Structure formats: C-alpha cells, structure tokens
Amino acid sequence: QRSSWTLAVAGLGTLGLAAALWGGSSSDDSCITDPSVWVTAVGRAGTNENVRVAGREYAEAWKAAEQNACQAEAPLAAEVRLCFDGLRSDAEALLELHGEQGWSDHDAAIEAVRDLGEPAKCADPSGDRSAPPVSALASVTAAQPMLSKLRALSRAAKIDESLEYSQEVMVAARNTGFAPMIVEAASLRARALMLASELDEARAVYEEAYFAARRASLPRAAGIAASNLAFLVGSKFNDVEGGYRWAEYARVGLERAGLDPLATGVYTQALINLAQREGRFEEQERLARAAEQAEIDAGRPDSEVRATMVAYRGMAQYMREDYEGALETFEQGCILAEARYGPNTAPVSAMLDNRASVLRLLERSAEALPLAERALEIREKTYPAGSLDLAYSYGNLAILYGELERFEDAVQYADRSMTILEDKLGPSSGDLARGHRIRADILRDWGKQHWPEARKGYQAALVLLADAGDEFVGDAETIETELAKLGAERQ
C-alpha cells in the first residue's frame with residue numbers, strides 16, 4: 001500500500017475571523033444613520049436578486065439594532081457607534097465584491113452576508129471593544145474600509161488577492177496606532193500567509209497580533225490569536241509541545257473574556273489538531289462531533305466551524321481505517337463546503353482530495369482520479385504557485401497515476417510535489433520523506449530497470465525519517481520492508 005498524505009481540512013486554514021468592532025465616525029447628531037447609505041450598498045451587490053435580498057435583510061436588522069440602541073442611549077457611546085459603522089462597512093465590502101469582482105457562487109455570497117456579526121451585539125457591553133483616541137480617529141476611519149475589503153476577500157476564499165492586499169492593510173492599521181485594528185489586520189494577514197505556505201512569516205505576524213492584544217488588554221483577541229498559533233505551531237511546525245503551550249495561553253485569554261474555550265471554534269480546532277498529531281484519533285473524533293453538534297444546536301448547520309469539524313471527523317475515521325465511514329463523512333463535507341464557500345473554492349478542493357484518498361484505499365482508483373484532478377484544477381486557480389496545498393495535490397495525483405500505471409505522469413507529479421516540499425519545509429521534513437517514498441513506490445512498480453533509483457529514494461526517505469518524530473514511525477518500518485524486498489529480489 002502506497003503512502004498517503006495527511007488529509008486536508010475543509011476550512012481555510014484556521015477559524016476565528018471576528019466581525020469589526022470599530023469603524024468610521026458618525027457625524028449624524030440624531031444618532032440614526034441616513035438610510036440612503038444602505039440603498040447605495042445594496043445597489044452595488046450585482047444583479048442576482050437573492051444576494052440583494054440578503055443584503056436588504058441584513059440592512060434591516062442593522063437599522064433596527066441601531067434604532068434600539070439609540071433609544072436606550074443617545075448619543076451612542078463612541079465604541080458602540082464605531083461597532084455599528086464597522087459592521088456596515090463589512091457588509092458594503094462583501095456586497096461590492098460580489099457585484100464588481102463576481103463571486104464564484106451566489107449562495108456562498110448570501111451565506112457570507114448572513115455570517116456577518118449580529119448588529120444587536122454592538123450594544124452589548126461585553127467583549128473586546130474600545131474607541132480610538134480623537135487623534136487617531138481620522139486614520140482609523142480611512143483604514144476601516146480597507147480592513148472590511150480584506151475580510152471580504154478572505155471570506156470569498158480569494159487567497160492570492162488577500163495575500164497581496166493584506167500587506168497594504170497592515171501598513172494602514174499600524175499607522176493608526178489603534179490596537180484592535182492592528183490585531184485584526186495582523187490576524188487576517190497571518191491567515192493569508194499561512195494559506196500561501198509562508199509559514200515563518202505567518203507565525204511572526206500571529207505573534208504580533210497576540211502580543212498587541214495582550215498589551216491592549218483585549219483578552220478575546222489574545223485568545224483567538226493564541227489559538228491560531230497553537231494550530232500553526234502544532235500542525236505546520238510539528239511542535240506538539242509548543243502547540244499545547246499556545247493552547248494554554250488561548251484558554252486563559254478566552255476565559256478572561258468570559259468565553260467557554262471549548263465553544264470557540266478556533267480553540268477546539270487547535271486541540272483536535274494536536275490530538276491528531278499525537279495519534280489520539282478517538283479523542284479527535286469526540287471533540288469534532290461535539291463541536292459539530294454545538295453548531296447544529298445553535299442553528300448554524302452550514303457554518304465554517306461545522307464544515308471544518310466534519311473534515312476532522314472524517315480524518316479520525318480515516319486514521320482508524322474506517323474507510324467506508326470516512327468516505328461518507330467526506331462526501332457530506334464536500335456538500336457543506338460547496339454550500340458554504342461555492343463549488344470552485346479551496347475548501348471544496350480539500351474535500352475532493354480527501355474523497356480521492358479514501359477511494360484509492362478502497363481500491364477504487366479510477367473513481368478517485370477525476371476527483372483528484374478537479375481538486376488540483378481548483379487549487380491551481382486559488383492558491384499561489386509553490387504552496388504546500390499544491391504539493392499535496394501533486395502527490396495525491398502521483399499516487400493515483402502510479403496505481404493506474406501511468407508511470408511517466410506519476411513521476412512528473414511526484415517531482416513537482418517534492419520541489420515545493422523542500423522549498424517550503426526544508427530538506428529534513430517528514431512530509432518530504434513521504435514524497436521520496438511515494439516516488440520510490442512508483443519507480444518500484446514501473447519495473448526492475450527503475451529499482452536502483454527506487455532504492456535511492458527509499459534510502460533518502462529513511463535518512464529524513466530518523467529525526468521526523470513518532471508520527472512517521474510507521475513510514476520508516478514500511479520503507480525498511482520495501483528495501484528488504486528489493487534487495488532479496490535483486491539477489
């Protein structure tokens with residue numbers, strides 16, 4: 001049986017994007033915003049009537065919440081006013097993105113609008129919310145639409161555009177000196193970097209977000225940033241101990257903010273990932289099922305959190321070799337990802353690759369191939385060249401082409417995968433060792449004339465696996481067996 005890549009999560013990297021808690025100032029002394037601004041915003045949403053209806057429904061909820069807040073307190077406290085203006089800016093950015101750039105799927109655009117923060121919560125005194133000093137108000141007002149546009153790009157899974165634009169937004173946010181804006185801009189920038197496989201910079205920017213939140217006494221924001229770091233350090237840097245340290249910082253921050261950490265998607269995701277790294281697959285599935293059920297009970301059956309937890313549940317079934325169960329779960333995850341993000345988006349590509357991996361293990365490689373090819377087609381359009389997700393897609397296709405005896409194609413894709421893995425992870429990673437093993441498996445099956453090169457690949461993989469950690473022990477044992485077989489047959 002050939003090596004398999006670690007399966008992919010349906011969500012876009014980490015969760016935890018927060019709605020804006022600030023925005024431009026309002027010069028309306030009557031407290032109530034001129035309703036014409038919403039007419040303009042909905043008018044930018046494009047021609048799809050269902051998207052426009054979603055925009056109008058959100059506008060009505062926003063206006064009702066603002067009116068209720070004004071009746072309770074007029075004029076509004078600065079931080080409440082800024083919260084309302086920030087949510088309006090987010091809605092405007094999403095609707096404009098749909099109208100001008102075109103969303104890959106109208107239903108996904110509608111879900112994104114509905115997933116914006118609840119306007120009524122702006123009047124809630126709890127949470128990380130503050131107003132900028134008067135001296136910074138002009139720069140905060142100017143930067144808010146930029147931050148809203150970046151959030152819209154991230155929600156629409158436009159990875160290349162998010163990565164490019166996030167750098168400009170970071171500069172603008174830092175120039176405000178306003179901690180909440182700096183923290184969120186940094187979190188969005190780090191997320192884009194992680195999806196682009198710029199892992200060292202992603203870690204540095206997430207750390208900037210965490211320490212900025214700590215200094216500004218923003219415990220919820222600190223907890224979210226630490227949760228993202230727990231995920232990143234544990235999954236991308238294979239540092240489980242470091243991941244648990246960040247998870248503890250996350251727990252403290254979220255509890256200080258009055259939140260239940262296990263009811264916070266990004267924190268739960270980090271714990272699930274760490275359990276997976278330790279091989280505790282039953283615990284991984286238990287946490288995923290609990291978080292998934294919590295989303296259903298809260299009336300959010302199509303949420304990003306649920307889509308991600310379905311993926312983790314499928315991974316746990318896969319690792320326990322319950323392949324039929326995993327296939328059913330990944331098929332469900334694909335439906336959820338398409339409903340949540342649209343059909344040609346990065347989360348859908350992850351679910352397609354997962355389905356293909358399971359079908360291959362069920363000896364249904366002919367069914368798996370079109371899924372893997374579609375996954376790669378989507379990823380080549382949504383991820384930057386040289387990203388790790390592309391490397392894993394190339395590796396999956398290499399395995400399938402090998403099993404279907406398309407050996408030249410298989411070696412070509414294996415080489416593409418290994419080039420990216422070495423560039424992004426360095427010459428001593430466990431995943432690169434798996435890349436060597438996949439290529440060697442293909443050469444072994446291609447015929448005896450390729451066995452000398454296959455032996456070299458297996459030997460290179462063993463050297464790398466010596467320092468790769470417990471997760472890869474099974475790989476090393478399998479490779480030693482393959483080397484012994486090749487040696488015996490050569491004799």
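## Overall fold

Helices (H or I, at least four residues) and strands (E, at least two) are DSSP runs, numbered from the N terminus. By this definition, the protein chain holds 21 helices and zero strands.

The structure is a predicted model, in which local features need pLDDT of at least 70, side-chain atom pairs count only at pLDDT 80 or more, and totals for chains, interfaces and linings use all residues. Residues are numbered from 1 along each chain as its sequence is written, and side-chain values use heavy atoms, with hydrogens and water left out.

## Burial, surface and contacts

Of the 491 residues in the protein chain, 59% are buried, where buried means under 20% relative accessible area, exposed over 50%, and partly exposed in between (1.4 Å probe, protein chains only). The protein chain exposes about 20300 Å², of which carbon and sulfur atoms supply 48%; accessible areas come from the Shrake-Rupley method with a 1.4 Å probe, and for residues only the protein chains shown count as cover.

A contact means heavy atoms within 4.5 Å. Among contacts in the protein chain between residues at least 6 apart in sequence, 70% join residues at least 24 apart.

## Two loop residues with positive phi

Most residues other than glycine have a negative phi. Glu321, although not a glycine, has a positive phi of about 65°. Glu321 lies in the loop between helix H13 (304–319) and helix H14 (323–341), and is exposed, with a relative accessible area of 59%.

Glu363 is not a glycine either, and has a positive phi of about 60°. The loop between helix H15 (346–361) and helix H16 (365–382) contains Glu363, which is exposed at a relative accessible area of 73%.
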